[in-house]
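This briefing is meant for a reader who is meeting the structure for the first time. Please look over the sequence and the model before reading on.

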Number of protein chains: 2
Amino acid sequence: MYVIENHSRPAAGLPGIRHTTLAGSDDGLRNLSVWRQTIDGGGATPPHRHDCEEVVMVDSGRGELRIGGAVHAFGPDTTLVIPANADHQIVNTGEAPLRLVAVFSASPVEAVFPDGTPIALPWRS
Amino acid sequence: MYVIENHSRPAAGLPGIRHTTLAGSDDGLRNLSVWRQTIDGGGATPPHRHDCEEVVMVDSGRGELRIGGAVHAFGPDTTLVIPANADHQIVNTGEAPLRLVAVFSASPVEAVFPDGTPIALPWRS
């Protein structure tokens, strides 16, 4: 299928995170995954890494990218670049929802915690 | 640099297309490129292909994806999946601007016309 209606995609999530996979391996992709997420105020991704590259487009909200032992604040209309194999965490430091689209250079995305334990993601990717 | 202010990126374009590279090889990426484009009413990309996968997120506007000998109409809040090596063209069939973000599983992106002639893109990717 070449054209996907975004609202047709199933909703999923983790505590404090609403997730939709816009495109991924179920669509025939092998080297691209596209996720749309909303992180609630005070919410965060778990600290994690993956062996593919990631770019995050921040549509609205504010937060911090914790990576490489440093904290990088960001606002809306910004783009985050996350190299492969770098432990990182995205934190919504505000009260408003943090709306973003994350893209990855692999499909499915295989994420692990910093100690190497695989993360069982509750969505298709 | 982990955080990019989108407005800091240079503007580029082709006739009828305004382009910004949000992330790509200049940011250390090798397997991801992220482009934001606005295609004017009646405008279109040239017919082309590339040996990487592409996903297009359509934010607003309406158009057609021409691929595989068929025409697929799309509206806003849709996602287009374009396999590697597939000749394709995106056409704005409306009068309103067609706003999209295109992501690719390579950086830089090396696009060619259907006859194989390389396209000299006027932006960094």
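The notes below go from the contact between the chains to selected strands, loops and side chains.

This is a predicted model. Chain B and chain A bury about 2900 Å² between them, with 66% of that area on carbon and sulfur atoms, and the contact takes 35 residues from chain B and 35 residues from chain A. A search of the whole structure finds 12 salt bridges over all chains, and the count between chain B and chain A is 2.

**The contact between the chains**

- Y2(B), E53(B) and V81(B) supply 25% of the area that chain B buries against chain A, which is more than any other three residues supply.
- Between chain B and chain A, 16 residue pairs are in polar contact, counting pairs in which both residues have a pLDDT of 80 or more.
- On the side of chain B that touches chain A, the elements of chain B that give two or more residues are β1 (3-5), β3 (17-23), β4 (33-39), β6 (54-60), β7 (63-67), β8 (70-74), β9 (78-82) and β11 (98-104).
- The largest share of that side of chain B comes from β9(B), which gives 4 residues.
- The residues on the side of chain B that touches chain A divide into 21 nonpolar, 7 polar and 7 charged.
- Strand β1 of chain A, residues 3-5, runs antiparallel to β9(B) and is joined to β9(B) by 3 bridges; within this pairing, V3(A) has L80(B) as its bridge partner.

- Side chains of opposite charge can pair when their charged atoms come close.
- The side chains of D77(B) and R36(A) meet in a salt bridge, at 3.2 Å from N to O; this pair crosses between chains, from the loop between β8 and β9 of chain B to strand β4 (residues 33-39) of chain A.
- In that pair, D77(B) counts as partly exposed at 34% relative accessibility, and R36(A) counts as partly exposed at 29%.
- R36(B) and D77(A) also meet through their side chains in a salt bridge, at 3.2 Å from N to O; this pair goes from strand β4 of chain B to the loop between β8 and β9 of chain A.
- R36(B) is partly exposed, with a relative accessible area of 31%, and D77(A) is partly exposed as well, with a relative accessible area of 34%.

**A salt bridge within chain B**

- D40(B) forms a salt bridge with R18(B), in which the closest N and O atoms are 2.7 Å apart.
- Because D40(B) lies in the loop between β4 and β5 (49-50) of chain B and R18(B) lies in strand β3 of chain B, the pair ties together parts that are 22 residues apart in sequence.
- D40(B) is partly exposed, with a relative accessible area of 30%, and R18(B) is partly exposed, with a relative accessible area of 46%.

**Strand β7 of chain A and its partners**

- Strand β7 of chain A, residues 63-67, is largely enclosed by the rest of the structure, because 4 of its 5 residues are buried.
- β7(A) pairs with β8(A) in the antiparallel sense over 5 bridges, and R66(A) has V71(A) in β8(A) as its bridge partner.
- These two strands, β7(A) and β8(A), form a hairpin with 2 residues between them, and G68(A) in the turn has a positive phi of about 60°.
- β7(A) also pairs in the antiparallel sense with strand β10 of chain A, residues 88-92, over 5 bridges, and L65(A) stands opposite I90(A) in β10(A).

**A buried residue in chain B**

- I82(B) lies in strand β9 of chain B and, at 0% relative accessibility, counts as buried.
- Leaving aside residues up to four places away in sequence, I82(B) touches E53(B), E54(B), V56(B), L65(B), I67(B) and H88(B).
- I82(B) and L65(B) are 17 residues apart along the chain, and their C-alpha atoms are separated by 9.3 Å.

**Backbone features in the loops**

- The peptide bond from S107(A) to P108(A) is cis, with omega near 0°, and P108(A) has its place in the loop between β11 (98-104) and β12 (111-112) of chain A.
- In chain B, a cis peptide bond joins S107(B) and P108(B), with omega about 0°, and P108(B) is in the loop between β11 and β12 (111-112) of chain B.
- D77(A), a residue other than glycine, has a positive phi near 60°.
- N85(B), also a residue other than glycine, has a positive phi near 70° and lies in the loop between β9 and β10 (88-92) of chain B.

Terms used. Residues are numbered from 1 along each chain as its sequence is written. Chains are lettered from A and ligands numbered from 1 in the order in which they are written. Side-chain values use heavy atoms; hydrogens and water are left out. Contact means heavy atoms within 4.5 Å. Buried area is the accessible area (1.4 Å probe) that two parts lose on being put together, summed over both. A salt bridge is a side-chain nitrogen of Lys or Arg within 4 Å of a carboxyl oxygen of Asp or Glu. A polar contact is a pair of N or O atoms within 3.5 Å; within protein, one must be able to donate a hydrogen and the other to accept it, and residues adjacent in sequence count only if both atoms are side-chain atoms. Ala, Val, Leu, Ile, Met, Phe, Trp, Tyr, Cys and Pro count as nonpolar, Asp, Glu, Lys and Arg as charged, and the others, Gly among them, as polar. Two strands pair if DSSP finds at least two bridges between them. Buried means under 20% relative accessible area, exposed over 50%, partly exposed in between (1.4 Å probe, protein chains only).
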